[in-house]
Amino acid sequence: MKFRVVDDLTTISSTMLHSLLLLLFFSFPFSSISSQQYHAHDPSITATMEAFSGYSIHEPHSFQPTSLSVDAHTLQNQIDELSSFSDSPAPSVTRVLYTEKDVLARRYVKNLMELAGLSVREDAVGNIFGRWDGLEPELAAVATGSHIDAIPYSGKYDGVVGVLGAIEAIRVLKRSGFKPRRPLEVISFTSEEPTRFEIGCLGSRLLSGSENLANALKTTTDSQNVSFLDAARSAGYAKNENDFSSVFLKNGTYSAFIELHIEQGPILEDEGISIGIVTAIAAPASLKVEFEGNGGHAGAVLMPNRNDAGLAASELALAVERHVLESGSIDTVGTVGILELHPGAINSIPSKSHIEIDTRDIDEARRNKVVEKIHQSAIQITKTRGVKLSEFHVINQDPPALSDEAVIKAVETATRELNLSSKFMISRAYHDSLFMARLFPMGMIFIPCYKGYSHKPEEFATIQDMSNGVKVLALTLAKLSSQ
């Protein structure tokens, strides 16, 4: 080993330099000063340590957004694989609560959570939680997530982007070297879709503390007369309990909840905007209405003598549209999704009709006024058409939800730091976030989807848009978990 001195500069072999750096590194009095303080006051030492170790040194609660790297192709492959657990052929997806395909999909998600290093648990109805404990695990966690169930013949992105994308966001943070102060938790909610038991957001409703639902589930059955309890137990849940209040979350369980979702509308794509920052979620009032009239032969009963229950339902359907438009707000919407006639023969006058109505708004009072107008129209129709209003039932009348200002700010800041375009917008579809907002500060992140399509096989989000959404989610989680 040789060295020589030239103009006060020492030329040293690489082996000697390595040994000297080791000596300097381990002899420095780190015991008298914390590494965090030392790095803050002498960045040159941090740079030397990074060069020596070959790894970046991150502070516990901060990192550069440019360090966020999404494995988008793996995420797409996972979405594709999850879509294979379906009771309808590709490209459609049908995944109904507690069916065999639903159970297999749940197992797949739990496996991904475990591979991401999360500790996994489930509650009595099958809400799935994957947790990453922070530096201070006793603090309230920051939660994110969505759902993986799918209505018949729908697409593979609705809800799924918010679950698998959330797991990828955790991996993104881990790859970046970030260490959360608060725990982070990914939730896959049970049955956001009202497909089997006609209860939307079943899992998140229970988590929010709905005693009415907890009691109703004891006697609820599906269209095949299978009880909720039997269905849940067949899937491995509710094994030893009839009281679903065990699912309720306590106030303070989470410091914030944030959901990533496809927009399910065309605005972001049409305007070429990367991220939607949701400020409010419209909530539905759902109605069931039935008329009874007099049946008869389609040719033999003259028009002046008819009491047609089918025409009564049709008139009410048009009244729904009229009352919604009368509200004067673009945020008020109404839909007649089901209209059934009895006996359902082309040559028979309908003696009974059944109609189901969905009306939504971000203004609860305005929406409820529409509901009352629909009721008054139904009563008036009975008088003009000589039919009976045998049922007018409000199935649910959920209040809308506003996003929390601090969560909105975190999403907005994350989007700006990532140099992505954004737009404040409301969600006209409801989500599990609507019910999480009853207990915790809530926010949502939207990404564009093809032509706004959703609940159909053509539903699609690009790899780039999903990557953008995951990055914004990851950075938002980092900000919220450091508070």
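Guide: Helix axes here are lines fitted to C-alpha atoms over the stretch in contact, and angles run from 0 to 180 degrees between N-to-C directions. Helices (H or I, at least four residues) and strands (E, at least two) are DSSP runs, numbered from the N terminus. The model is predicted: local features need pLDDT of at least 70, side-chain atom pairs count only at pLDDT 80 or more, and totals for chains, interfaces and linings use all residues. Residues are numbered from 1 along each chain as its sequence is written, and side-chain values use heavy atoms, with hydrogens and water left out.

Visitor: At what angle do H5 and H6 pack?

Guide: Helix H5 (residues 100-115) and helix H6 (residues 160-176) pack at about 10°, and their axes are 10 Å apart. That makes H5 roughly parallel to H6 (angles under 35 degrees count as roughly parallel).

Visitor: Which residues in H5 and H6 meet?

Guide: From H5, Val 109, Leu 112 and Met 113 meet Val 163, Leu 164, Ile 167 and Arg 171 of H6. Contact means heavy atoms within 4.5 Å. By class, the contact has 6 nonpolar, no polar and 1 charged residues. Ala, Val, Leu, Ile, Met, Phe, Trp, Tyr, Cys and Pro count as nonpolar, Asp, Glu, Lys and Arg as charged, and the others, Gly among them, as polar.

Visitor: Now H11. Which residues are buried there?

Guide: Among them are Ala 309, Leu 316 and His 323. Buried means under 20% relative accessible area, exposed over 50%, and partly exposed in between (1.4 Å probe, protein chains only).

Visitor: What covers the buried residues of H11?

Guide: The cover includes strands S11 (283-292), S13 (333-342) and S15 (352-361), and helix H12 (364-385).

Visitor: What is at the start of H11?

Guide: A side-chain oxygen of Asp 308 comes within 2.7 Å of the backbone nitrogen of Gly 310. Just after H11, Gly 328 has a positive phi of about 80°.

Visitor: Which residue has a positive phi although it is not a glycine?

Guide: Ser 191 is one of them, at about 50°. Most residues other than glycine have a negative phi, and most peptide bonds are trans. Ser 191 sits in the loop between strand S8 (184-189) and helix H7 (202-207), and counts as buried at 6% relative accessibility. Lys 451 also has a positive phi, of about 55°.

Visitor: Which peptide bond is cis?

Guide: One of them runs from Ala 90 to Pro 91, with omega near 10°. The bond from His 342 to Pro 343 is also cis, with omega near 10°.

Definitions and conventions: Parallel < 35°, antiparallel > 145°, perpendicular 65-115°, else oblique. Polar contact = N/O pair within 3.5 Å; in protein donor to acceptor, adjacent residues only side chain to side chain.
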